[in-house]
Every structure is written in structure tokens, then in C-alpha cells.
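My notes follow the order in which I looked things up.

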Amino acid sequence: MMTSSGNWWWLTSRMNGRELSFKKKLSSTDLTRNLEIPNMALHLPDGNQTMRVLDQNGRLWHFKCPRRRGGRRCLTDQWRDFVRTVTPRKGDILRFYYSAADGEYFVELARRSIRLFGVTIYIELGL
């Protein structure tokens, strides 16, 4: 998984000890409002606790994931700032990881895939 921005080494070295909490293909609603979290997400805090979330460049973000009516959860607080700064697009893949060792979260974005000469290629975002 080589990135155009050279984050491959940093990303693979930082992924040690991190567990995938959830993976999601971003919708237009996720980008204009709050990110709706899949029901099968793991290791999310209860209630209104703030999560410390590092992106691929080590930038720190603070998200919350409150429950809405019907039990659905979503990322709030700095999520919209994250979208404005990182500029993900509809169809991009968001992977959200948790590290039990340090109690922090990590977010990774990958561009939607393209087929080139019969090979599927995922274009990584250089955050």
C-alpha cells in the first residue's frame, strides 16, 4: 500500500498494535453532515466522551460519537473540520482504528478504486 505522499513506511509502522474499529465507504451525507458509524463498529467510547484521533500525517482531531434516536451513532465535533481540511470525496474509503495500548484512535482514507489495465488500484490520500 504505497502512498503518493510517502506515508507508506509511517503508516505500516504505526498500524502495529492497532485494530480495525470500522471501515466505511463515504456517502455525500457523511461529507456534508456527520459521519454515520456502521453498527458493527468496535471499541468506541460510550456517551459523550471525546476521542483523540490521529490522521495519516499525525494531526490530532477530537471526535465524539453520541447515539441518536434509534441507536445509530455518528462522528461529531471536529468531523466537519476534518472534512474541510482533508477534503475526502464521495466513495472514498475511511478506515478507523483503535489502539488499546495508548487508548487512541487512528483514521486512514483511501480514494475509491480505479481499474487500469485489468488491475484494481486504490489511490491513497496524502493527508
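These entries cover the hairpin, then the core, then the lysine. I kept in mind that this is a predicted model.

**Hairpin.** I began with strand 3 (residues 50-54) and strand 4 (residues 60-64). They run antiparallel and are joined by five bridges. I found five residues between the strands of this hairpin. Gly 58 takes a positive phi there, near 80°. Across the pair, I saw Met 51 opposite Phe 63 of strand 4.

**Core.** I then looked up the largest nonpolar core, which has 23 residues. Met 51 and Phe 63 are among those with the most contacts inside it, along with Leu 75, Leu 94 and Phe 96. I checked which elements supply at least two residues each: strand 2 (35-37), strand 3, strand 4, helix 3 (79-86), strand 6 (93-99) and strand 7 (104-116). Helix 3 gives the largest share, four residues. I listed the contacts of Met 51 beyond four places in sequence. They include Leu 44, Pro 45, Trp 61, Phe 63, Leu 75, Phe 96 and Tyr 105.

**Lysine.** Is Lys 24 buried or exposed? I found Lys 24 in strand 1 (residues 18-25). Its relative accessible area is 16%, so Lys 24 counts as buried, the cut-off being under 20%. I looked for a partner of its side chain. A polar atom of the Lys 24 side chain lies 2.7 Å from the backbone oxygen of Glu 36. Beyond four places in sequence, Lys 24 is also in contact with residues including Asp 30, Leu 35, Pro 38, Asp 92, Ile 93 and Leu 94.

How values were computed. Residues numbered from 1 in each chain as written. Predicted model: local features only at pLDDT ≥ 70, side-chain atom pairs only at ≥ 80, totals over all residues. Heavy atoms only, no water. Pairing = 2+ DSSP bridges. Buried < 20%, exposed > 50% of the residue type's maximum accessible area, 1.4 Å probe, protein only. Polar contact = N/O pair within 3.5 Å; in protein donor to acceptor, adjacent residues only side chain to side chain. Contact = heavy atoms within 4.5 Å. Core = buried A, V, L, I, M, F, W, Y, C linked by side-chain atoms within 4.5 Å.
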